[in-house]
Amino acid sequence: MPLALGLSYVDLDFLGRQNTIATAVISAPGSIALVDPGPSTCIESLELGLQSQGLRLEDVTAIFLTHIHLDHAGATGTIVRRQPRIQVFVHERGASHLSDPTKLIESAARFFGPSNMERFWGDIAPVPTERLCLLRGGEHLDAGGRSFEVIFTPGHASHHVTYFDRSSGIAFVGDTAGIRISGGHVLPPTPPPDIDVDLWLDSIGQIGALRPRTIFLTHFGPVEEVQPHLQTVAANLRWMARVVRESLSVDASDEARSRDFGDRLRREILQRTDPTLVPAYEPTAPLESLWFGLARYWRKKEV
Ligand SMILES: [Zn+2]
């Protein structure tokens with residue numbers, strides 16, 4: 001699906017469901033970059049999507065990762081195995097988990113459930129260190145005849161970055177501006193272990209200050225009403241943080257607290273979303289589990 005000249009995206013049909021994970025494609029003759037290639041289970045859809053635009057996975061020259069979570073970056077090692085000259089751009093704080101994904105896999109198994117790992121993510125291959133290009137924010141990267149500014153946008157993950165193409169006005173914001181399926185509820189995904197609400201709100205502000213014409217969400221696709229969307233994601237993040245904080249003073253187990261939170265969030269999503277689309281939120285952000293990321297944030301703050 002086209003965004004601008006040489007900028008497009010592919011629906012990865014994650015778990016056979018549309019509008020769940022998108023990979024952005026930056027292309028010009030001799031240069032193809034993917035922003036967040038998604039998990040290995042979607043490589044076939046990625047290839048088909050590229051083919052429909054006359055592009056081949058074999059011709060990809062760079063992968064820009066917004067962060068290393070498996071729904072964004074799981075296929076990176078597998079793609080690099082097939083095409084060893086690809087350069088992988090990632091924030092320096094996330095890089096070691098790409099070259100050795102052991103901890104990443106452990107943490108994903110806790111979050112998504114060990115029995116879902118194969119079906120959701122498939123192969124999670126390490127990325128050879130020499131293919132990694134480390135970012136800190138402030139860099140300019142050339143791809144597809146365009147120049148992308150790298151902005152450090154932590155909060156959802158401690159190593160999250162945004163890629164901004166000033167010429168088209170499109171900012172590829174990963175998960176920093178939340179999940180929004182087909183104009184529905186704006187959900188900031190708050191999985192453990194990195195959630196930092198203050199940093200995240202700052203990052204949302206930084207994205208707003210770029211004055212982008214469009215923000216591109218991994219989940220899912222372009223959003224044109226940028227400033228209202230950013231206000232909503234910030235408000236919803238504050239609301240979720242408050243609800244979790246209040247739940248910590250209720251006499252209940254964490255399991256019960258997270259279940260209540262999940263139910264409340266589901267009702268909230270339903271109010272603003274076509275009911276048939278609500279399930280598209282859950283595979284990449286299991287609602288109950290989002291409680292744990294915010295609870296960890298508050299508990300760390302109290303120490
Ligand atoms: Zn995600």
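Reader: Leaving aside its neighbours within four places in sequence, which residues is Gln83 in contact with?

Author: Contact means heavy atoms within 4.5 Å. By that rule, Gln83 is in contact with Glu58 and Val60, once neighbours within four places in sequence are left aside. A word on the source: this is a predicted model, where local features need pLDDT of at least 70 and side-chain atom pairs count only at pLDDT 80 or more, while totals for chains, interfaces and linings use all residues. Residues are numbered from 1 along each chain as its sequence is written, and side-chain values use heavy atoms, with hydrogens and water left out.

Reader: Where does Gln83 lie?

Author: Helices (H or I, at least four residues) and strands (E, at least two) are DSSP runs, numbered from the N terminus. Gln83 lies in the loop between helix 3 (76-82) and strand 6 (87-91).

Reader: How many helices and strands does the chain have?

Author: The chain has 10 helices and 13 strands.

Reader: What does the radius of gyration say about the chain?

Author: The radius is taken over C-alpha atoms, and the globule rule is 2.2 Å times the number of residues to the power 0.38. For 303 residues, a compact globule would have a radius near 19 Å; the chain has 18 Å, which agrees. The C-alpha trace spans about 60 × 40 × 40 Å along its principal axes.

Reader: What share of the residues count as buried?

Author: Of the 303 residues, 59% count as buried. Accessible areas come from the Shrake-Rupley method with a 1.4 Å probe; for residues, only the protein chains shown count as cover. The chain exposes about 12,600 Å². Carbon and sulfur atoms supply 50% of that area.

Reader: Which residues have the most contacts inside the largest nonpolar core?

Author: A nonpolar core is a set of buried Ala, Val, Leu, Ile, Met, Phe, Trp, Tyr and Cys residues joined through side-chain atoms within 4.5 Å. The largest one here has 103 residues, and those with the most contacts inside it are Phe64, Tyr163, Leu187 and Ile215. Helix 8 (residues 226-247) gives the largest share of this core, 10 residues.

Reader: How do I read contacts against the sequence?

Author: Compare contact with separation along the chain. Among contacts between residues at least 6 apart in sequence, 69% join residues at least 24 apart. Take Leu265, in helix 9 (residues 254-272). Leu265 has a relative accessible area of 1%, so it is buried. Beyond its neighbours within four places in sequence, Leu265 is in contact with Leu187, Trp239, Met240, Leu287 and Leu290.

Reader: Where is Val173 found?

Author: Val173 is in strand 11 (residues 170-174). Val173 is buried, with a relative accessible area of 0%. Setting aside neighbours within four places in sequence, the contacts of Val173 are His160, Thr162, Ile207, Ile215, Phe216 and Leu217. Val173 and His160 are 13 residues apart in sequence, and their C-alpha atoms are 8.9 Å apart.

Reader: How do I read the backbone angles?

Author: Start with the general idea. Most residues other than glycine have a negative phi, and most peptide bonds are trans. Now the cases here. The bond from Pro192 to Pro193 is cis, with omega near 10°. Pro193 is in the loop between strand 11 and helix 7 (197-209). The bond from His219 to Phe220 is cis too, with omega near 0°. Phe220 is in the loop between strand 12 (214-217) and strand 13 (221-223).

Reader: What is phi of Asp13 near?

Author: Phi of Asp13 is near 50°, a positive value in a residue other than glycine. Asp13 lies in the loop between strand 2 (7-11) and strand 3 (22-28). Asp13 counts as partly exposed, at 32% relative accessibility. Leu15 lies in the loop between strand 2 and strand 3, and has a positive phi of about 55° although it is not a glycine. Leu15 is partly exposed, at 36%.

Reader: How many residues apart in sequence are Thr41 and Leu15?

Author: Thr41 and Leu15 are 26 residues apart in sequence and 8.2 Å apart in space, C-alpha to C-alpha. Thr41 sits in the loop between strand 4 (31-35) and helix 1 (43-52).

Key: Buried < 20%, exposed > 50% of the residue type's maximum accessible area, 1.4 Å probe, protein only.
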